[in-house]
Amino acid sequence: MTDLELTVIVPTRERPDLLKQTVDSIVTSARAASDRLGATVRVLVVDDASPTDSTRELVNRLGAEAKAAGTAVTVDYERVEVHDGRKDPGAAIALGVSLARSRYLTIFGDDDIMLPAHIALHLRNMRQGADVSAASYYITDGQLNRQHAKRRRAAHLGDLLIGRIDVNDGAFVRTELIQSVELDPALLAQMLYPVWATLLIDGRKFVYSRQPTFLYRRHDANISSVNKDAEDAALRKSLQEKYQALASERLGAVPEPRKVDWARHKREWRYSKKGYVRWRMAATELAVKRNPVVRKAFRMPPLPPKES
């Protein structure tokens with residue numbers, strides 16, 4: 001494949017059933033981007049030292065199928081030979097990033113599902129001069145039933161430095177930029193925080209899409225939920241302090257975080273969640289039932305007096 005435009009890195013470890021769904025969805029999105037934009041895409045599955053050959057065999061089969069369908073999309077396999085004992089696939093991510101030779105790359109979870117519009121939408125952003133393009137997504141249950149949308153907003157250094165992160169790990173990024181920042185697997189779930197902090201401090205162009213273009217699957221085997229512990233909290237605090245100091249040194253001051261727009265959050269919650277409608281109906285019904293005029297009209301017994 002000549003003039004490779006995008007590498008989609010998929011770190012994984014011994015989850016072939018989930019992985020097949022994921023890679024199939026990526027290939028579908030890549031084909032759509034190839035048809036619309038002439039994009040060339042490499043799907044790079046990086047095996048974090050799985051104990052069996054099931055991942056290798058699956059990826060080889062998927063790679064042969066992709067090759068038979070044309071040259072615009074390839075599916076390749078690489079492997080971390082020795083597992084580091086961590087549940088987070090940091091070593092696989094670092095290896096995948098180091099092997100990327102395309103203009104742009106993105107990291108995609110081995111249990112998530114890419115929607116057909118995903119690659120084309122973010123490639124357009126990158127072609128128009130973005131350094132990073134962050135994606136909105138749908139949160140689903142383990143069976144991929146959509147629960148609600150998680151919509152991005154513009155990344156902001158002041159927010160990032162206090163832990164409000166509006167750029168997800170699966171954002172598209174220029175390859176040379178992410179390769180210029182050391183990736184440390186020991187940072188676990190915070191491994192990409194230094195990338196986003198460095199690029200924001202450097203004044204790089206971050207864009208985002210409000211249109212959800214992938215499904216983030218929540219289930220018992222989520223890797224991200226494993227890392228939400230005291231160690232992760234300590235890593236986050238340490239990184240925030242480190243990059244607050246760097247921002248102060250480079251920029252002269254640490255940017256203030258944005259004020260939280262609670263009205264906007266309420267509007268989004270109200271109109272995007274079926275649960276809100278059900279809650280509002282139940283609240284209205286309760287209010288009506290508590291109205292003494294209504295209770296008298298419908299011959300309902302009076303409410304008991306409130307306890308003092």
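This report walks through some packing features of the structure above.

The model is predicted, so to speak of local features a pLDDT of at least 70 is needed, side-chain atom pairs count only at pLDDT 80 or more, and totals for chains, interfaces and linings use all residues. Residues are numbered from 1 along each chain as its sequence is written, and side-chain values use heavy atoms, with hydrogens and water left out.

**The nonpolar cores**

In soluble globular proteins, nonpolar side chains tend to be buried together. A nonpolar core here is a set of buried Ala, Val, Leu, Ile, Met, Phe, Trp, Tyr and Cys residues joined through side-chain atoms within 4.5 Å. Buried means under 20% relative accessible area, exposed means over 50%, and partly exposed lies in between (1.4 Å probe, protein chains only).

The largest nonpolar core has 39 residues, and V97, L105, V132, V195 and W196 have the most contacts inside it. Among the elements that give two or more residues to this core are strand 2 (41–48), helix 3 (90–99) and helix 9 (230–251). Helix 7 supplies the largest share, 7 residues. Helices (H or I, at least four residues) and strands (E, at least two) are DSSP runs, numbered from the N terminus. A second, separate core has 34 residues, including V8, V73, Y77 and M114.

**Aromatic rings**

Rings of Phe, Tyr and Trp (its six-membered ring) pair if their centres lie within 6.5 Å; planes under 30 degrees apart count as stacked, over 60 as edge-to-face and the rest as tilted. The whole structure holds 5 aromatic pairs. One of them joins F108 and F214 edge-to-face, with 5.5 Å centre to centre and 70° between the planes. This pair links distant parts of the chain, 106 residues apart: F108 lies in the loop between strand 4 and strand 5, and F214 in strand 9 (residues 206–217). Ring pairs also link F108, Y137, F214 and Y216 into a cluster.

**A buried aspartate**

D111 is found in the loop between strand 4 (104–107) and strand 5 (113–114). Its side chain makes a polar contact (a pair of N or O atoms within 3.5 Å; within protein, one must be able to donate a hydrogen and the other to accept it, and residues adjacent in sequence count only if both atoms are side-chain atoms) with the side chain of H219, at 2.8 Å.

| Residue | Relative accessibility | State |
|---|---|---|
| D111 | 6% | buried |
| F108 | 3% | buried |
| F214 | 7% | buried |
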